[in-house]
Amino acid sequence: MEFFSERNGELYVEGISCVDLVEQFGSPLYVTSKGALEKNAEAYINAFSKASFEVRFLYAVKANNNLTLMKILNRKGYGADVFSDGELYLALLAGFNRKYVLFNGNSKSEEEIRMGIEAGVPFSIDSLDELETVSKIAEELCKEVRIAFRINPDISPNTHPKIATGLKTSKFGIPWESVIDAYKKAVESPGIVVSGIHCHIGSQIKDVSPFVEALNRVFDVAEKVEKLGVELEFLDIGGGLGIDYEGIGAPTPKDFAEEIIPVFERRVKDLNSKPELWIEPGRSIVGNTTILLTRVNAVKKAYKNFVAVDAGFNLLLRPAMYGAYHRVVVANRMSEEKRDVYTIVGPICESGDILAEDRELPEVKKGDVIAVFDAGAYGFSMSSQYNGRRRCAEVLVDRDRVYLIRERESYPEIVGRQIVPPEFA
Ligand SMILES: *Cc1c(COP(=O)(O)O)cnc(C)c1O
């Protein structure tokens, strides 16, 4: 089934017209197809179903932390990768199995560490300082913590430099050549159970070979870690599989699995333990499930043809931050011919507030609805209230049913937790 399609000149999400959605819920509006989400979740499960080893999928919460979406993934058997106290809180609310909620992060506070240990989740540890703190707090709380170290595998995938995380110069992880000293220390640390090895090489990677390289590095480390008398529970190669923003193709979970499975099966034979493979997909689970609908407030012919819409980098930061490309269509003119070249700009008081540059579209008019595709990952989760703009609503479409899964923010939420001292009242 096509989850996003054209019917009678309008864009539909499953069985619902986008024009109707904006009429009912207002604009801007994030719209997620439940079918697309389940399809992506199942694609990973099916891709690895023939592996001779156990595989766990830990959804990367930072990509999209909507609770309803996380509950759907939880029902599919997913765990979660969290990167902060707030994401841990959300993952626990969503009900993920704590055994498979990995607490990541390169700079965890004592407060966050305490929260994670009390919740009983495993940790990915990024430094010896963190190991020391985790051990100390675990002892205090009389708890045992399963840990992995995040290794820096020194791999440079071909992606945007801001989202490459496995380079030698990246802030993440411990250099893979020297991580064994950290493991030695961990084995001797009270409250610490050495359980795994973790790495994550970056995001929007459209080539499978860097993942294979990373997996090999993880196995190189695993062989040494086992010599310390450790039973490895999991080897985690992170997330990062890219999606097809431009319509030029991208590797699928199946392509990914076909390269990863044989390497894992070959190399695990040399280990004494039988570790599970953990994978942490974010973008490739939620990215293409969601569109951002935004109403045209004005069309202006200046040096360029500008289409001013009601969503900007406050709601979708990727174009402004990474120069990212998102496909756009006019949701109420799907069958009209392309007439001109337009630049879609948001309402934010910054000239960098551009959603899409120089796009051929049908003649755009005030009141039209623009749909921005592939906005499900790092869209709402990176949104802000900049310029005093309320965050928009989110809806979930399941065939002919629509569920409001997040209300639009109110004005008091713009005021937030501010306190005006009586002297200034
Ligand atoms: C961001 C992140 C992921 C998910 O990356 P995607 O590119 O969205 O798949 C997985 N693991 C860790 C540690 C991350 O930081």
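## Exercises on a predicted model

Of the 16 residues around the ligand, the ones that come nearest are Lys62, Ser203, Glu280, Arg283 and Tyr378, where a residue counts as near if one of its heavy atoms lies within 4 Å of the molecule. This is a predicted model, in which local features need pLDDT of at least 70 and side-chain atom pairs count only at pLDDT 80 or more, while totals for chains, interfaces and linings use all residues. Residues are numbered from 1 along each chain as its sequence is written, and side-chain values use heavy atoms, with hydrogens and water left out.

**Exercise 1.** Find which ligand atoms lie 2.7 Å from lysine 62 and 2.5 Å from glutamate 280.

*Solution.* Begin with lysine 62, where a polar side-chain atom lies 2.7 Å from an oxygen atom of the ligand. Then turn to glutamate 280, where a polar side-chain atom lies 2.5 Å from a nitrogen atom of the ligand. Finally, look at the backbone of glycine 282, which has a polar atom 2.9 Å from an oxygen atom of the ligand.

**Exercise 2.** Decide how helix H8 and helix H9 are oriented to each other, and list the residues that meet.

*Solution.* First take the axes of H8 (residues 209-226) and H9 (residues 253-268), which come within 10 Å and cross at roughly 20 degrees. Angles under 35 degrees count as roughly parallel, over 145 as roughly antiparallel, 65 to 115 as roughly perpendicular and the rest as oblique, and H8 and H9 are therefore roughly parallel to each other. Next, list the contact, which means heavy atoms within 4.5 Å: Phe211, Val212, Leu215, Asn216, Phe219, Asp220 and Glu223 in H8 meet Phe256, Glu259, Ile260, Val263, Phe264, Arg267 and Val268 in H9. Sorted by class, the residues of this contact are nine nonpolar, one polar and four charged.

**Exercise 3.** Carry out the analysis for helix H2 and helix H3, which pack with their axes 10 Å apart.

*Solution.* Start from the angle, which is about 40 degrees between H2 (residues 34-47) and H3 (residues 67-75); that makes H2 oblique to H3. The contact is then made by Lys34, Leu37, Glu38 and Ala41 of H2 together with Leu69, Ile72 and Leu73 of H3. By class, the contact of H2 with H3 has five nonpolar, no polar and two charged residues.

**Exercise 4.** Describe the peptide bond from serine 27 to proline 28, and locate proline 28.

*Solution.* The bond from serine 27 to proline 28 is cis, with omega near -5 degrees. Proline 28 is found in the loop between helix H1 (18-25) and strand S4 (29-33).

Technical notes
Axes fitted to C-alpha atoms, helices over the stretch in contact; angles between N-to-C directions. Helix = DSSP H or I, 4+ residues; strand = E, 2+ residues; numbered from the N terminus. Nonpolar A, V, L, I, M, F, W, Y, C, P; charged D, E, K, R; others polar. Polar contact = N/O pair within 3.5 Å; in protein donor to acceptor, adjacent residues only side chain to side chain.
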